[in-house]
Amino acid sequence: MPMTRKKENNLLLHADILNILYEHRRFVAKIYRDIMGFYNISHIGLSIVNPAHELVVFSTTPNIEYNLISNQLWTQDCCFNPSIGQSNKFSWWGDNTSNLSDNQQNHLNKIKLLNNNFTLGMSIARNLQGFDLIYSFASKSKQPDLQAYYATNLPRLIEIGDFFYKSMRPLYLPYSPSFEPPDVRALLSLVHQKHYLRLVVDNESCHV
Amino acid sequence: MVIMAEAQVDRQHFMRRFSERLTELMQQAGFGSQRSQMGVKIAKLAEVSCCSQQMARRYTLGEALPSIEVIDAIAKWLQVAPGWLLFGDPEEGLATIDCHHTMRILPELLEYILLKSAPLFYITKDIPELVHFIMDIINDITHIDADEKSILKIVDMSINSAARFHVDNKDANDQKKRK
């Protein structure tokens, strides 16, 4: 599997990115078994960009990432590039946010959606302690208003992504020896930082 | 020469049709749910089937078939004939296969994957999960844009990952037992 080291848009593919994608496949499948079925999820992927902008990716449907890399489409794709889309928000796979040509966009849709019979896909980028994490999901569900359904369940999808990251973190450690990847507890605090109870006693409030 | 792996298609098609009938009936009977992939209440199905929720979920995903006794129980619960639940209408046949749900693979490549996978059957007890994993490899391979050498390397890495996984798991279980 010939692999040349690419640096595009300040992102650098890990020298072994394609091997990493397949070397841990059985472990990734095991983690996926714990997630499969929740919120109609049929695919989950995780891209990790360390502070040196080096990118590693894990996936339950690795043909997607393999083809995006081998077809040079990865730089303009929300599954790889954290600068596409907003932090902690969905980037929908069909949206052309990178000014791609129609041909490129069609090719992207074929690789990500059509090849795998997915009806909808989306990615969520998170930034923490100098790392960028991108959680990608896809569904085969034909239920109507699927996009709206996910839009209302964004926090739950982030939690599932966090769970996947937490499970994959030990495997990722050797691939980023110079930088300690974020602790899962830091991620949880990010998810829950806006949700707190306010106790009001005699018209004076205090946080609990 | 490219041929369709017909036996696998038959089996997958059969299980998928079963799961479609099952989930449709459950939704009609008021056991729909937006929280599960197939839109039905998995906990209720598990209760009726006397099985784990994971297994019930696999029934709805078309990944497993219940035993005859369980099909009988589900059919009574959903008030349909067990035979219909299992086989559907007689005219439902392979002619209705949606080509999006078929796989095309070179027979030599399929043979290579199966031969490479064979040793895995001796090191795991969870055969359905192993078969599911091998099916995943086959499905994934059919969509990869790569030359033959790269594809064979991907197959080797995927299967080696399973061998390593099962050995690691066995070691961990042995350690637990010793403690």
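The legends below describe close-up views of a predicted model.

Residues are numbered from 1 along each chain as its sequence is written, while chains are lettered from A, and ligands numbered from 1, in the order in which they are written. Because the model is predicted, local features need pLDDT of at least 70 and side-chain atom pairs count only at pLDDT 80 or more, whereas totals for chains, interfaces and linings use all residues.

**View 1. Helix H2 of chain B and its buried residues.** Helix H2(B) spans residues 42–49; helices (H or I, at least four residues) are DSSP runs numbered from the N terminus. Its buried residues are B:Ile42, B:Leu45 and B:Ser49, where buried means that 20 or more other C-beta atoms, placed from the backbone, lie within 10 Å of the residue's own. These residues cover an arc of only 65° around the axis, which puts them on the same side of H2(B); the arc is that of the directions from the helix axis to the C-beta atoms. B:Cys50 follows H2(B) and has a positive phi, near 55°.

**View 2. The crossing of H2(B) and H3(B).** The two axes, lines fitted to C-alpha atoms over the stretch in contact, come within 8 Å and cross at roughly 105°. That makes H2(B) roughly perpendicular to H3(B), a term for angles of 65 to 115 degrees between N-to-C directions, on a scale from 0 to 180 degrees. On the H2(B) side the contact (C-beta atoms, placed from the backbone, within 7 Å) is made by B:Ile42, B:Ala43, B:Leu45, B:Ala46 and B:Ser49. H3(B) contributes B:Gln53, B:Ala56, B:Arg57, B:Tyr59 and B:Thr60. Among the buried residues of H3(B) are B:Ala56, B:Arg57 and B:Arg58. Just after H3(B), B:Gly62 takes a positive phi of about 75°.

**View 3. The contact between chains A and B.** Chain B gives 22 residues and chain A gives 24. On chain B, the elements that give two or more residues are H3 (53–61), H8 (127–141) and H9 (148–178). H9(B) gives the most, with eight residues.

View 4. Not counting residues up to four places away in sequence, A:Leu46 touches residues including A:Val57, A:Phe58 and A:Leu133.

Definitions and conventions
A residue is buried if 20 or more other C-beta atoms lie within 10 Å of its own, exposed if 12 or fewer, and partly exposed in between; C-beta atoms are placed from the backbone. Two residues are in contact if their C-beta atoms, placed from the backbone, lie within 7 Å. Angles under 35 degrees count as roughly parallel, over 145 as roughly antiparallel, 65 to 115 as roughly perpendicular and the rest as oblique.
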